Amino acid sequence: MADPAGPKVYSIAAHRGFADALVAGLVPRYAEPEYGLARLTLLLPSGRAARTVSEALIRHSGSGLLMPRMAVVGDLDLDETLGPLLDPLGAGEAIPPAAEPTYRWLRLAELIRDTWREGSPPKGSALLRLAHETGRAMDRLLVENVSPEDLLGEAVLALVGDLQQHWTDNLRLFAAVQRLWLDELGAAGAVDPAERRNRLFRHAVKRWREAPPATPIVAAGVTAAAPELAGLLRVMSDLPQGAVILPDLDLAMSEAVWDELGSAETPFARGDAVTHPQYHLKLLLNRMGVARGEVQPWHRAGIGKGPPERSHAISSLFLPPEASKAWAELPADKRRLAGVRLMETGDPEEEAQAIALLVRQALEHPEKRIAVVTPDRGLAGRVVQHLRRWNIAADDSAGRPLPQTAAGSLLLLLAEVAAEQASPVPLMALLTHPLVRADEARAAWLDQARALELELRGPRLEPGLAALRGPAAVAGVEAWWNEVEALLGPLLTDAAQSLGERLDRLVAAAEALCGEALWSRPDGRALAAFVEDLRLHARATGLALEAGDLPAALREAMDRVAVRPPYGGHPRVVIYGLIEARMTRAELVICAGLNEGTWPATPASEPLLAPAVLRALGVPGADFRIGLAAHDLAGQLGAPEVVLSRARRDAGGPVIASRFWLRVEALLGELASDHRETAAPALAAALNAPPPAEPHPRPRPMPSPAQRRVDVRVKAIDTLIGDPFQFYARHILRLEALDGLDAEPTPAWQGSLAHSILHKWNEQRGDIRAIASEELREMNAHPLLRALWQPRLFDALGWIAERVRAAEAEGRTVLAVERKAEMSVQGVRIYGRADRFDRLPDGTVAVIDYKTGKPPTAAEVAKGYRLQLGVLGLMVEQGGVEGVIGKVSGFEYWSLGKDAKRRDENGFGYVETPLLVGGKRSGIPPEDFLPETRRFLREAVEGWILGDLPFTARMAPDFPSYTDYDQLMRLDEWMGREA
């Protein structure tokens, strides 16, 4: 029964502060002496809105108040929440239960796989992602009352011929899957969640028209324009004790501007201003059948109200294109946004620090509330961290995605270990995870895990846990590893498993590693709810999933779960996302991240239904969300004090300012300079600015004579001459660079492998390729590494075998391989190991060194950087090599690398003499090589080992050195400024 006075629809202006203004009007209107607001029912848009209204009621009452019943429009159990208002005894029989969302998601994946027509259907995470998008598309259509039959209606069929083929295929797939799913639902006596909400709304409309509730019922802050919800709101506005209260409907907007927004009727016209912040409210009013002139202003204001003129400024700010021409004629007092500041910083880190400073400054004012509103969760996290500098605990109320929490990351690491067959990176991240053995045994556990990690550094071993037993034995943690292998072994089975079975194994391993610590915190409880829900429905569907697809599938599903912090942060500081900030108010609001792609977010296109199809069906498109983001900003601009913030760059480079930011600057015009917030960015820069410091000089360490007196390896002589600092760091300080986990094969690793193979071959002869294969097996090299490197290695080794046989046929013989060598230079021991010595036909000796890459050049040898062959030659002539005696005349590098001069199919392997031979124009003549080597060696020993020369960093800029010690020598701080 409608109220003869017309619909009771109200609007709370942006400057009044919605929640506090709402409460300020509800209490005098509906409160009763003995019952407070207990007889009132509030219909709110979300659970977060209910919490916001509750907090506003507490602030308003002061001494206490009986709270109203609060229901959320998206609640699938709305009939139970509203109780007798909806007559649940009758409604329960008429309205079927809703299908479980997780079950629907998994079942849709199976239906898509079975319905796929052309080519291979997507698998694993791609299939599940498509199923999720299919479910979302179904909900969007259901919310707008679009039935499956409408997909085959004239409006859509008329477009099919104009669509690209992939859109047509997607439309057919969607229609087929939806029909199969609805048939299953009908057989099970259930409906989709969106359909159940629609039926609940229709039932409420019918019930309240026949018998209006005896107690007041008010819808507050609900702006969704779904047809069934709009019908419900219209009925509520007509109830004798009902009302609908909208946020930020612009009642001061002229009729001409209101008309410029478009018709706001379905199907949407192409010229409609769907990105305007008032468009979705116009659409809602149209669907309610309420004219804007029938909406009354809400005259109560909250405790955080802004200046009244702010609402007029907000209206001008978001004028549509034609109407915005009036900006040029606005006087300065109409364009000024008093209390609004614009803050630009260089990057997100600087922005977060400046925001934290503004928060800290505002807290100096008693009872002043501060809200930071941003859709950028990364920026919100940075602000939280910066506030800790002053011991301010401010939690991000939008929460963190479950994968970014400790419990969620542990489950994903277990999935990655299973998917990658215990590869080193996820394995060590798992074993050292903060939740693993989080008790008194953790210290011993970490000691053993770190010991194993040192042995696993370098190229990846064979897949599986068995390949890690050898490194565990070398590390001395064999018993501990047996325990780990028993825990993780069930995850690495090759048997086909369903998603439910894989989740069972993941949970069992997680509990064995972490115990109760896994589930004891908020993130653990969220993970437990997620796992139980997914496991229950995975068992019901029986969906199979390969181990390799598990991490991506779990991560995408967990990303949709937000872990929100419990109460306990600072009482006057909150950090909101856009949805959480709706209906809230604070004395200072900082709107951060105002860049395109962030606020507003880049519209995500519908992957299944073409935009033209959605438009024909009357379903709001992706651009509709821009209008919602604009409305969110308009609501926050009503606060007494507002700071709009953006960074000029992000991690990817320069970014474009938000269209909303540009509108503010355009409206202000020349007044924009008066609204700039410059103090906070300047202070943030000053906080981070280090004190003035002189440029760091080039390192020239001067160790004591006792520290200098070390034995020198043959290969270290080059470093001693070319870059003394590296020699100092490695051989005096004994600092060794560690390989990374799962690292690419380094030249040293490749050289060790090649030397080991050649050593065995020289001793055994036979098939060199068979020896190489056996060596690779003994090293437990990863199959991918073998596949990539083995062909090249085999070709080069084959060349060496052929070359040796050819040399032996010419009278050249191998004297020794892998032979130790040493000598003394002025009392300093020089030692090393030679790859090979050959006896040449003329009776002299040749020194040979194997290289897996490019050998040294004659120019490098002439500068004294590459003296290895010369030093080994001196050792032979001085009798420092057992079993090798004679004059040295040959100096050869045998490279396993690619020979650019060869044109044959193989192309690997060549011999290089780094002296002035053949057609070379520079280098040391062979007859002068040993005397020059002796001179270089004597000067190096006398200067650095026995003398007092400083170990200067990068003394020879052209010395081809590694970069292992660049950070230690602080290279970037002095390179280019050295004297």
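These legends walk through a few close-up views of the structure above.

The model is predicted, so local features need pLDDT of at least 70 and side-chain atom pairs count only at pLDDT 80 or more, while totals for chains, interfaces and linings use all residues. Residues are numbered from 1 along each chain as its sequence is written, and side-chain values use heavy atoms, with hydrogens and water left out.

View 1. The strands follow the order 3-2-4-5-1-6, with parallel pairing. Strand 3 (69-72) and strand 6 sit at the edges, each pairing on one side only. Strands here are DSSP runs of E with at least two residues, helices are runs of H or I with at least four, and both are numbered from the N terminus. Two strands count as paired if DSSP finds at least two bridges between them.

**View 2. Strand 1 and its two neighbours.** Strand 1 (residues 9-12) is covered on both faces: Val9 and Ser11 on one side, and Tyr10 and Ile12 on the other, are all buried. Buried means under 20% relative accessible area, exposed over 50%, and partly exposed in between (1.4 Å probe, protein chains only). Four bridges join strand 1 to strand 5 (residues 242-247), running parallel; here isoleucine 12 has proline 247 as its bridge partner. Strand 6 (residues 296-297) is also parallel to strand 1 and is joined to it by two bridges. In strand 6, glutamine 296 is the partner of tyrosine 10, and proline 297 that of serine 11.

View 3. Glutamate 818 is buried, and the nearest side chain of opposite charge, arginine 833, is 4.1 Å away. A salt bridge needs a side-chain nitrogen of Lys or Arg within 4 Å of a carboxyl oxygen of Asp or Glu. For charge, Lys and Arg count as positive and Asp and Glu as negative; His and the chain ends are not counted. Leaving aside residues up to four places away in sequence, glutamate 818 touches His755, His759, Arg833, Ala834 and Asp835, where contact means heavy atoms within 4.5 Å.

View 4. Proline 695 is found in the loop between helix 29 (679-688) and helix 30 (705-708), and is partly exposed at 48% relative accessible area. Proline 695 and glutamate 973 are 278 residues apart in sequence, yet their C-alpha atoms are 6.6 Å apart in space.
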